[in-house]
Amino acid sequence: MGNFEVMNHPLIQHKLTIIRNKDCGTREFREVVNEIATLLAFEVSRDMPLEDIDVQTPEGVAHAKHLTGKKVAVVPILRAGIGMVDGILNLIPAAKVGHIGMYRDEKTFEPHEYFVKLPNDIDKRQIFVVDPMLATGGSAIMAVDALVKRGVPESNIKFVCLVAAPEGVKALQKVHPNIDIYSAALDDHLENGYIVPGLGDAGDRLFGTK
């Protein structure tokens, strides 16, 4: 069974408070989402494997560590997930980026896939699927479905978000039980398809649309 973990780092929690505020403007919202994404990437990459190497320093030889194992791919769920990509690339600049496009039916709240573009070696990478909100779980489930259909093992996938609803966590874990889920917050509940208290529509707030 995959884990669900709330990232309680003080900086993450402080910055999340900033973007929850309805008076936070588009520019600040976008900047702070990127900052939170960088901090989340730091937390969710803690289990990346290391190997021992020797490095020649100006003063001698250091017995050091460097990353080994799978390379990383960041896969945002469009469109709001784009707002988290640069923040993760700040920390892992060599990561490749794929895209999965979803739109939500405004009446049924059901997600529909319209675009998938992924690196050719996606099945060999550690994948961070990113979306600011894990609400009903529908988009997250379809995004993981799209990856699994292309040969990606569930164990290679981590879902990273800013705010999660209990209903979304439960739904994603039920369909894809081996996915690790990381969030900056677990909020109270869903209401009309939106997380309460949440932070509003992340896509609209990132891009200044309504």
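A: The answer below takes the helix pairs in turn, and then the cysteines.

This is a predicted model, in which local features need pLDDT of at least 70 and side-chain atom pairs count only at pLDDT 80 or more, while totals for chains, interfaces and linings use all residues. Residues are numbered from 1 along each chain as its sequence is written, and side-chain values use heavy atoms, with hydrogens and water left out.

Two packed helices are described by the angle between their axes and the distance between the axes. Helices are DSSP runs (H or I, at least four residues), numbered from the N terminus. Axes are lines fitted to C-alpha atoms, for helices over the stretch in contact, and angles run from 0 to 180 degrees between N-to-C directions.

Consider H1 (residues 10-20) and H2 (residues 26-44), whose axes come within 9 Å and cross at roughly 155°. H1 and H2 are therefore roughly antiparallel to each other, a term for angles over 145 degrees; those under 35 count as roughly parallel, 65 to 115 as roughly perpendicular and the rest as oblique. The crossing of H1 and H2 is left-handed, meaning that the near helix is turned anticlockwise from the far one by less than a right angle, whereas clockwise would be right-handed. On the H1 side, the residues that meet H2 are Leu11, Ile12, Lys15, Leu16, Ile18 and Ile19; their partners in H2 include Phe29, Val32, Ile36 and Leu39. This contact of H1 with H2 has 11 nonpolar, no polar and four charged residues. Here Ala, Val, Leu, Ile, Met, Phe, Trp, Tyr, Cys and Pro count as nonpolar, Asp, Glu, Lys and Arg as charged, and the others, Gly among them, as polar.

Leaving aside its neighbours within four places in sequence, Leu39 is in contact (heavy atoms within 4.5 Å) with Leu11, Ile12 and Lys15. Its relative accessibility of 21% makes Leu39 partly exposed, a class lying between buried, under 20% relative accessible area, and exposed, over 50% (1.4 Å probe, protein chains only). Leu39 and Ile88 are 49 residues apart in sequence, and their C-alpha atoms are 8.2 Å apart in space.

H2 also packs with H3 (residues 82-91): their axes come within 7 Å and cross at roughly 50°. That angle makes H2 oblique to H3, and their crossing is right-handed. Among the residues that meet are Val33, Ala37 and Ala41 in H2, and Gly83, Met84 and Ile88 in H3. By class, this contact of H2 with H3 has eight nonpolar, five polar and one charged residues.

The pair H4 (residues 138-149) and H5 (residues 166-175) packs at about 25°, with axes 9 Å apart. H4 is thus roughly parallel to H5, and the crossing of H4 and H5 is right-handed. Ala140, Ile141 and Val144 in H4 meet Ala171, Leu172 and Val175 in H5, a contact made up of six nonpolar, no polar and no charged residues.

Finally, the cysteines. A disulfide is a pair of cysteine sulfur atoms within 2.5 Å, and by this rule the count is zero. The sulfur of Cys24 is 18 Å from the closest cysteine sulfur, in Cys161, which is too far for a bond. Cys24 counts as buried at 9% relative accessibility, and Cys161 is buried with a relative accessible area of 0%.

Notes. Helix = DSSP H or I, 4+ residues; strand = E, 2+ residues; numbered from the N terminus.
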